[in-house]
Each structure stands twice: as C-alpha cells, then as structure tokens.
Amino acid sequence: MSEKLMNGTCNGNGDVTSNKCNGTGKGNEIRVWCDGCYDMVHFGHANSLRQAKALGDKVIVGIHTDEEITKHKGPPVFTEEERVKMVKGIKWVDEVVLGAPYVTTLEVLDQNNCDFCVHGDDITMTAEGVDTYHLVKSANRYKEVKRTAGVSTTDLVGRMLLLTRNHFRQGSAEYDIEKEESTAKLLKLQQLQSRLGSSNMGQDSSAKSPWTGCSQFLPTTQKIIQFSDGKSPNPSDKIVYVAGAFDLFHVGHLDFLEKASKLGDYLIVGLHTDPVVNSYKGSNYPIMNLHERVLSVLACKFVNEVVIGAPYCVTEELLDHFKIDIVCHGRTPIAMEDGKIDPYAVPKTRAIFELLDSGNEMTTERIVERIISHRLEYERRNQAKEKKEIEAFEALQRQKQTQKAG
C-alpha cells in the first residue's frame, strides 16, 4: 500500500475504503484537512470532500483568499465570501477556514488539529511551479482520492465562453464529446477567438491537460446513491417542494434552499430536463446537463431528495405522490408553459404555494456575465494552468519510466 494511502484506499470508482486510524485531533476523532480555491464549486469538489469524509470523522476545509488565488493562478470567478458560503453548504463539510496558505504546511494541519491532508490525484502548483502539497507529502501526512473525471471549473468556463450545446445532447449523440461546430453563432465566435488568439478552453476532446481537459462525465446509479442521504420522510414530516433548473449551482440557489428547508422538515427539489430548461432559458442553457445538476443539488446539505426530470407544471399527481405540504418558488420570473399555462396553478388552487425571497441577487445568468466580461483574463489564466499541468504530468511520467528502468 502506498504511503499516500496507508490509512485508506480509493477504488476505480472514486469510492473510498476507510481503515480509520486513531486520530490525534480533538477527543481522538480523525480530523481531515482539505484545501483549495473552491471557485465555481461543482459536484467534483463535493465528491472529493465526500471521499475525504470517508477517511475520517470531521472534514475541515481551508479556502484560499482572493489575493492568494490571483497571485498563483489568476482572478477567481467568485469572491472569498461566496466561496466560503458554498463550501459550508456541502453536506460532508464540518468546518471552514478562510485564509489557508497556497502551499499546505504542517503548521496549518497542527493549528487546526488535523491528522492529515486529502486531495485529488491531480497536481496543484504555485505560480513558481512548486507542488503545493510537497511538505505534507514528505511528512507522510497526505492522502489521495480519485478526481471526478468529466468535470472541472476550466470545462464549465469553456462551455460559457464557447456557447456550446453538446453538454446536453440527447439520444444517440448524448455522450458524443467532439466539440460542436455546426451553428453559425459558434463559428462566428471561433473566428473571433482565432483573431484574438484565444483557446477552445476545456472543450477539446483531444484533451490537453490530463486533469482539466474535456472528458464526458458518465453518470452511474452508484454515484447518485453515494450523494443521496437515502432517508425517507417520517409520516409526520412537513414536506416542501421546489423546482427549477438549478444550473451552475450557486450561492443564490443555496440561500433559497436554506430558506425553503426552514418551512418544513423534508425538502424535495424537482429538476427540469435539459430540453425543458432550454425552452425557457434559451441560448445554450443549461450550462450543466441534468446528470450534473442532480449531483450538484444532492450535495447540498439542505436537500433531502431530488426528482430527476420533474414536470414543468406541478401536477395533482406529483403533489399527492410525494405528499407535499408546501410548494415554493423564488423571486425569479415564472415562465408560462406554452406561453399561457401557469406551472404553479395547482398548488395555488390548493393554497399551498409560497413565493420566497432568498435575499440573494445571484443568478446563473450573472455568473455567465462575470465570465464573459473577463473572458480574456480567464482564458489566459487557464492556458497558464494547463501549461504547468502538462509539464508536471510529463515530468511524472518520466520519473515513473526511470523507476521502472531502474
């Protein structure tokens, strides 16, 4: 067994088999340290934290400041306050620490009473090209878990910049990962990119970086089970239902779901299919396909259950089947089905409909606006990141070949 995983192993599905050791943290509990930027938090981040939780009792997440991230990899999409809130909303996280150093030190582990550090099996480097985990690796206080293939912040940013639609293809083309070149809009944008010297960031299936190049996320029932809490409501529970796209799961969604959860005991989220979302959002929405959105919502600590492919109109059958007591919607506009049918007519008739103000102005469209307004900055950031990752990967491959030859 490798030194990195001497107290836990990770199988090919990204699932952790834990051999929990005697912790040195508070009350002998095993405290696990994870750190990172956690910018545009997605289900890949959540899956890493889920695996970390399986190796201990408590997961403590250190988050880098905006200043640190800008220095080492370019400006973050979200502010440190937004990033802290998002990580706190993940069900496997116990504590969050803002101001984690970019290079993880033994001192930061000791200050937070953590036994070891956990990170995915990709390489993270400073602006100078130094492995950010070299200190904890040398001290044998580092463990690795499997990175979730098929999703990265780079890929999501690329989808927004390129206005691609291939992430929610249907039928026989659903898992085709070649970049889409058929629409006039995309061709026009690619011509503009060519003049500006910008890249097809995260969308090239020929893959550049082995860690953040595009590869299609393939959902499995096992992954959904791992993310689900598997608990049914108690007979006396007040059941709350909300529905929507929940695309690029963000702080606005998080605040809304927290408020909705406080209206009852059990929160069910209905997720609309990709074609339905596209019918009322247009363009290349949703940015994340249904499979990806399911895991993103399931990772939220306020959510108990998800209805995959929920009907756009809330029906009598749905309300009766799930024994729903209250239906909520945020302050965003409600699109009529076929331009005239109110999707919430039935719960309104039953007097169980409520509009909720999350108090947060963030929307998926605002995230896209942030990305596009800083387009060249983000492309330069990701190109530099990709270059360092390729160099590190090639060096790692050479080291392995040398060890084999020796």
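Tutor: We shall take the sheet and then a pair of helices.

Tutor: This is a predicted model, in which local features need pLDDT of at least 70, side-chain atom pairs count only at pLDDT 80 or more, and totals for chains, interfaces and linings use all residues. Residues are numbered from 1 along each chain as its sequence is written, and side-chain values use heavy atoms, with hydrogens and water left out.

Student: In what order do the 5 strands stand in the open sheet?

Tutor: Strands of a sheet pair through backbone hydrogen bonds, either parallel or antiparallel. Here the order is β5-β4-β3-β6-β7, with parallel pairing; strands are DSSP runs of E with at least two residues, helices are runs of H or I with at least four, and both are numbered from the N terminus, while two strands pair if DSSP finds at least two bridges between them. Because β5 (95–98) and β7 (142–145) each have a single partner strand, they stand at the edges, and one side of each is left without a neighbour in the sheet.

Student: At what angle do α3 and α9 pack?

Tutor: Two packed helices are described by the angle between their axes and the distance between the axes. Helix α3 (residues 80–88) meets helix α9 (residues 251–261) at about 45°, with the axes 10 Å apart; axes are lines fitted to C-alpha atoms, for helices over the stretch in contact, and angles run from 0 to 180 degrees between N-to-C directions. That makes α3 oblique to α9, a word for angles left over when those under 35 degrees (roughly parallel), over 145 (roughly antiparallel) and 65 to 115 (roughly perpendicular) are set aside.

Student: Which residues of α3 and α9 meet?

Tutor: Glu 82, Lys 85 and Met 86 in α3 are in contact (heavy atoms within 4.5 Å) with Val 251, Leu 254 and Asp 255 in α9.

Student: Which strands does α3 touch as it packs on the sheet?

Tutor: Helix α3 touches β4 and β5, and its direction makes about 165° with that of β5.
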